[in-house]
Amino acid sequence: MRDKLANNRPAKQFSTDEMKSDPLNPKLSYMACEFDTHFKVFHELMANKVSEIMLVASAYDAYILEEDGSLASKIINEYHGLNLSRPPRLTHVDNTRRALELLKTENFDLVITMPHLEDTDPFEFGRTIKAIEPELPVILLAHSLEGLFPLPTNKDISGIDEVFVWSGDAELLLAIVKNVEDRLNVENDTQRAQVRVIILVEDSPLYKSYFLPLMYRQVVNQTQAVLEESLNEEHRLLKMRARPKILVADTYEKAMQLYERYHSFLFGVVSDTRFPKSEAICADAGYQLLLKIKDTIRDLPLLLLSSEPENRTKAEQIPAKFLDKNSPDLFTELRNFFLNNLGFGDFVFRNPDGSEIARASNLRQLEIILPMIPDESLLYHALRNRFSNWIMARSEIVLASRLRKLQVSDFPDIEAIRQFLTASIHSLRKWRQKGVVIQFNARYFDPGIADFVKIGPGSLGGKARGLAFVANLLRQSPGFYEKYKEISVQIPRTLVITTTGFDQFVSENRLNDFLDEASTDEKVQAAFLDARMPGQIVSDLKAYLDQVRYPLSVRSSSLLEDAHHQPLAGLYKTYMIANNHPDDHQRLQSLVRAIKMVYASTWFDLPRRFTRSTAFLHRKETMGVMIQQITGRCHDGYFYPSISGLARSQNYYPIGNIEPEDGMCKIALGFGTIIDSGAGGLRFCPKYPKMLPDFSKTEDILANAQQQFYALAMELTDASSGKDGLYDLACRNIADALSEEPVMELTSTYIAQEDRIRDSGTASGTKLVTFASVLKHTTFPLAELITDLLEIGRKGLGCNVEIEFAVNLGKGAKQPAEFNILQIRPMSDSDPLEVEILDEDKANAVCYSAQALGHGKNERMFDIVYVKLDTFDISKTIEMAAGIRKLNAILKSAQAPYLLIGPGRWGSFDRWLGIPVKWDDISGAGAIVELRIPELNADASQGSHFFQQISTQAIPYLTISQAGNDFLHWKQIETFPAVFESTYLRHVHLPEPLSIKCDGRSSQCIIMPKNISS
């Protein structure tokens, strides 16, 4: 950001509203992917590393180099001291003949040669190496300049890339290695990630050997300082790769070549004053160079070096900073240039007179301070491009580059600049943490930015791992965010205590004995509640709660939970906390208690029995804990989301034109407890949201519409506190919440006088939760959004998935709509091998349908109730329904699910189209077969009359048509012994259970006696 250039172009001004908006808004062209300081681009940087170094030196030279310790050790110590990775390996050779032999058989990345070689001079040796490997860097390292500088004019020095002077400082070795790596990587890294470039122009090997280590020391120290803001260890390591490159030139022409090639990426130029130009020493070559650069890039930091104090005047004419090479404080003055001009160190806000106002050491502090800075100070720094330089020094290249292109005149006033900077920094900080698991740090934790934080080094556990994965998956889908830019699609803010915390808790409290004992759940829970939580975890939780005051859920994330094809999902406890107690200590105790109770559920009887029945019999189950912000808003003392739901990418009960791969979704108002319990919820296909089998006619809507919902009571009363000392969800009647916004938005009105339903919650009449505003009128694009998410999830996991979600409907610009992904996991029946119908199965089957609804295996049914076709009388269907009702009551009381077979549409209101049973008449059925026969000229019902019940209870529903390959072997069924038989009905009981295999992907189902099933 700078003053308007003198090019007379009209300034494009941003409006004040645009300044306040999120800079990711397309009006400002801040596409999310452009802010991506994510790992992918960093992985591609610094591809060429110096791993193998050959040192060619006489025994004497090597002795001088290693006088106070091994040279290899010096390099290693220097790397470790700066926390740099992969120090190179050094191979010492004492003659050129052996060196050339090694070059032919081994790979080296760098050759450092000393000048005193017995069999040749270093320049000839360098030329020989270049003849073998032209791209291999060769560095001449001398003890003094004698005979080397200025370089002899009659010498061919093309075999030597650089000359340095050894003074015993191991930092020079680091600088040489890093400078070689910078030369090898600069082309790729500037193009791939816009990495910045600093040019050093110096022809004296002595000064070059002095300045280059100092400059690298500043660059590395600055990079390490800003790593405190980094997200995790991987990010720290990779961000090191994005540090500025330092390139060296020793003539005017070489400096201009570097400038012209990398001018778009320049971070600063440090130049001597006297050096060669046009093959002759030029007394003011540095002045000419910096003046030319300044003319093109007016705000680029420039530093002129000279051992002649009078050249300070030339520096002021450019203008550029000046550094006297004879200064006793040379190091300090160079460091100050990096701090004050290149943006290293703190951002220091100053008045125009230079007095300090405030300072920020990181982006978060800068965001906090900006609103309080006086206008004149803000303008002072904006005109000098200080914000861009400081942000660039933190390797936030995209934002820094955009700020550099902007001019003060692009904004209507100073306040617009302030708002733009604040919003840009906030968006950058928030976006770069999406999809990244961050190590919790009490000092840097910002709940407004951090989406996913963990305590401890261990595993996240299955549930948290899935959530972290989907966050990362969405992070890689900028087109998805662009499509739904008006909606905040995210995961809830999450803190995970890793499995290491559980292991430490169990170990410190000696709770392992419960693994071997047949302990009751009550005994396990009591022991866990009495145990002490590790001190560091409690300390971190206290720091967390100091900044978090929204309601929380405490959920399990066991190591095996939500893993592919494992049945452990849903076995563990989840607790909710209002987190609004005025006593902070009480809030902490409630959270710790909830965590202990989740831990205890790991060793409850049911999860242990499940584990013993799987392939993980001998694997110790361990637990992570997810502490999540609860999705919802407060309404009249109750906290709940507008909509909760479960979506699946595979629909095993497709009807009409719906295909299995079109997916399904079930939603409810309030928390999803009502869906989990099977007590309610509206089912629909996301691709066909207006096709609602549960709401096919007015009577169905009246019967199936949600009557109650779950919410978290926020008042601190004894009644709202559950038996575990935590808050229970309250079950509320819809009729008691008609004035609350989510209920008003999602209800329709039944007008009894007209026997019709109007899609409005404000009309007079009976209120029904129909979700018409969302599914029919798309005031919120729920169905389309779910369709896209299921596709992203299916591609990402490589199998069918199910997604739990919660929605807060919007209230305009001040409170935008939110879609929170609570969980993603493979569908429990997504294993393609789990249900496989073979040709031999069909050959042995008593029944086969290619029009089946449902999915899975069932080998628990011994009974069949069927309508006898040989005595079937269409005029007697009511009598048949009464007989089925009696048999159903008997079998249901005996807890004996049965196979129900009959002609026509089950549950039809028209007795001439099928048997007019109600659901209660057949509620004990475990599978249902609908036969299409000539006497009943009716289309297949596809279970539509009882769709909610059969889909909720996962009951297979088979249609057998006369056309096609469907069949039912009546003769075989009639051979089974009868328990009961009447004129129209027959009940048979088998000695072995039936085997039912239903493949929801292909809509096929077979039924066969168990003793011949495969």
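In strand E38 of this predicted model, Ile928 is the bridge partner of Leu900. E37 and E38 (residues 925–931) run parallel and are joined by six bridges. Strand E36 (residues 856–867) is also parallel to E37, to which four bridges join it; here Val865 stands opposite Leu900.

An open sheet of six strands shows mixed pairing, with the order E15-E16-E18-E21-E19-E20. Its edge strands, E15 (438–439) and E20 (574–577), each pair on one side only. E15 runs parallel to E16 (residues 452–455), and two bridges join these strands; Gln439 has Lys454 of E16 as its bridge partner. Helix H23 (residues 535–547) packs on this sheet and touches E16, E18 (494–497), E19 (552–558) and E21 (623–629). The direction of H23 makes about 175° with that of E18.

In soluble globular proteins, nonpolar side chains tend to be buried together. The largest nonpolar core of the model comprises 73 residues, and those with the most contacts inside it are Leu110, Leu141, Phe338 and Phe387. Leu110 touches, among others, Val50, Ile53, Met54, Leu136, Ile139, Ile176, Val177 and Val180, with residues up to four places away in sequence not counted. Glu52 and Pro137 are also among the residues that Leu110 touches. Apart from this core lies another, of 69 residues, which includes Ile734, Leu768, Ile786 and Phe819.

Ile318 and Pro319 are joined by a cis peptide bond, with omega of about -5°; Pro319 lies in the loop between helix H12 (312–317) and strand E12 (321–324). Asn385, in the loop between helix H15 (375–383) and helix H16 (386–392), has a positive phi of about 60° although it is not a glycine. Asn385 has a relative accessible area of 1%, and is therefore buried. Ser1003, likewise not a glycine, has a positive phi of about 60° and is found in the loop between strand E42 (985–999) and strand E43 (1004–1009). Because its relative accessibility is 15%, Ser1003 counts as buried, the cut-off being under 20%.

Note on methods
Residues numbered from 1 in each chain as written. Predicted model: local features only at pLDDT ≥ 70, side-chain atom pairs only at ≥ 80, totals over all residues. Heavy atoms only, no water. Core = buried A, V, L, I, M, F, W, Y, C linked by side-chain atoms within 4.5 Å. Buried < 20%, exposed > 50% of the residue type's maximum accessible area, 1.4 Å probe, protein only. Contact = heavy atoms within 4.5 Å. Pairing = 2+ DSSP bridges. Axes fitted to C-alpha atoms, helices over the stretch in contact; angles between N-to-C directions.
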